Amino acid sequence: MILQVQDVTQRFGGLQALTDVTFDLPEGQILGLIGPNGAGKTTLFNVINGVYSPERGKVIFRGEDVTRMPSYEVARRGLARTHQVVRPLHDLSVRENVMVGACYGREKHSLKEARRLADDALTQVGLIDRADQPSGSLNVAQKKRLEMARALAAKPYLILLDEVLAGLNPSEIAAMMETVRAIRDQGITILMIEHVMQAIMAISDRILVLDYGILIAAGLPEEVANNPQVIEAYLGDPKMTAQLLAE
Amino acid sequence: MKPWRNPGFWLPLVIVLVWGAVVLLIHQDTMRETAFILLMAVGLASSLNILLGYTGYVSFGHIVFFGLGGYTGFYLLSEQGWPLFAAAIGGGLLSALIAGLVGLAVLRLRGAYFALATIGINEAARAFVSNFEPFGGPTGMFVNFSAYQKYGGPGEALWITFIFLWVTTMVVLLVSYLVKHSRFGLGLLAIREDEDAAMVMGVKAPKAKTITYIISAFFPGVIGTLYFFKNGNVEPGDAFQLHMSIEMLVMVMLGGMGTVMGPLLGAVGYQWLRGYLLTSPIFKDLHLAVAGAMLLLIILFVPAGVVGWVRNHFRRLQKVLE
């Protein structure tokens, strides 16, 4: 198991964001994390990569307890992530952004080596043409790719993708899914949050469903799609329910 | 790329090198005094820029390191009989040490809270030194005349102090460039743009910020020692002047924060303007008001400063102006 999450509980004031979340992620898989808005998906990511310290529970990454470790320590152990709300380093060029990932990721590279790795990562996500532009000048789809390149340049064992498909048009989604598959084929394990149901059902080996901070279902995509609890969780959103049922 | 092929690397150094050499050759006291004040401004502004420009942390009370380091160096030199070189380094090291200790606490603060805390540190240091008897309390210290004799009398000592400051200024500019173009510096720029995102990418922000704070505090301590030795006395009112802190900020912002050349141009430009204002009958009491107004206008209209503006508008000059 590359990642084990055990009984993770997180509260913000009166809001119970996560309650006893437990799951395992075997190496080399794509694990999809779905759930209605506000279910605690991004919070779970923040607990896994050290941005938040959970009230209770453990996060074990490659056999090591990383709970309550600062996020930079977790990053250096080979866990990279992208952000739902993209966070490019605006005044730096696209290449420099990715070089930060390479310099400070799992392998600590010199600037020269980082430049080469950054160009590799930018080629992989299809942004190499824009390497010298300021990152602030990219559009949303490109910024999402930039986040992925930054994460890839860190040479992680596990990558957390937070809604990399949101806001993309259908052809961009198809291209991004290819990129995600290619990353998995490189041997990097993936945990991804996604709202685009068809995409996540198609690409994931397994799916987890969070609702109000509780893990209500886990299993193969088709099992989860037919799980009555999951359908109920989405009933507030008839369109998504229909999508789920269509799968 | 080899640094000496990059004009952005050697241009600031050559400017200061030639400038100091010309002053030494002409060997005129008034010219030396003017150059001393200007080089001091360049050194202080560049030191502040290493923190402000690269990490984005606004230190409003940075002059505290000039004051404390200057006091310590002066004490070592005048009371303990240390040679100027050792005393200046001693002053710098004390400033660095204080920055390391204080930084662990205040660098946890961000934005306005950090800026306010640094003002508090300056005021606290002033109050402490005013009541610290070994440093002469509120009246300060006067240089022991024998300290000048070692250097062939006061006249020669002033020239030696000038040479020291000249070299120190070049070292600050060199360090500023090296930090900016290192792996460490890339981490700092990432912190400046988005500290949380930088940490998620693996940048050890608390450690990197503390090291930067230490570097940017060391040089003001050295410069302070040289300045007070040149003046012949040191007192709390001169050592911890908050308005000098603000003027340092104006110089960095005017020239362009986060650039190597910016603080050099900004310091010279600001000091030139200040000299004009102080001697003009209309403005002589208003030079700080003008500095404040300038800071406001720069932040509103040219936040990138002169160098940043030129870099953005003339892409070919990007290689020349770092």
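The structure is a predicted model. Chain A contains ten helices and ten strands, and 49% of its 247 residues count as buried. In chain B, the pairing concerns helix 2 and helix 13, whose axes come within 8 Å.

**Chain A: overall form**

- The radius of gyration of chain A is 18 Å, which agrees with the value near 18 Å that a compact globule of 247 residues would have.
- The C-alpha trace of chain A spans about 55 × 40 × 35 Å along its principal axes.
- Among contacts between residues at least 6 apart in the sequence of chain A, 64% join residues at least 24 apart.

**Chain B: how helix 2 and helix 13 cross**

- Helix 2 of chain B covers residues 29-55 and helix 13 of chain B covers residues 261-279; their axes cross at roughly 135°.

**Chain B: the residues in contact**

- Helix 2 of chain B contributes B:Ile37, B:Leu38, B:Ala41, B:Val42, B:Ala45, B:Ser46 and B:Asn49 to the contact.
- Helix 13 of chain B contributes B:Gly262, B:Pro263, B:Leu264, B:Gly266, B:Ala267, B:Val268 and B:Gln271.
- By class, this contact between helix 2 and helix 13 of chain B has nine nonpolar residues, five polar residues and no charged residues.

Definitions and conventions: Residues numbered from 1 in each chain as written. Chains lettered and ligands numbered in written order. Predicted model: local features only at pLDDT ≥ 70, side-chain atom pairs only at ≥ 80, totals over all residues. Helix = DSSP H or I, 4+ residues; strand = E, 2+ residues; numbered from the N terminus. Rg over C-alpha atoms; globule rule 2.2 N^0.38 Å. Buried ≥ 20, exposed ≤ 12 C-beta atoms within 10 Å, placed from the backbone. Contact = placed C-beta atoms within 7 Å. Axes fitted to C-alpha atoms, helices over the stretch in contact; angles between N-to-C directions. Nonpolar A, V, L, I, M, F, W, Y, C, P; charged D, E, K, R; others polar.
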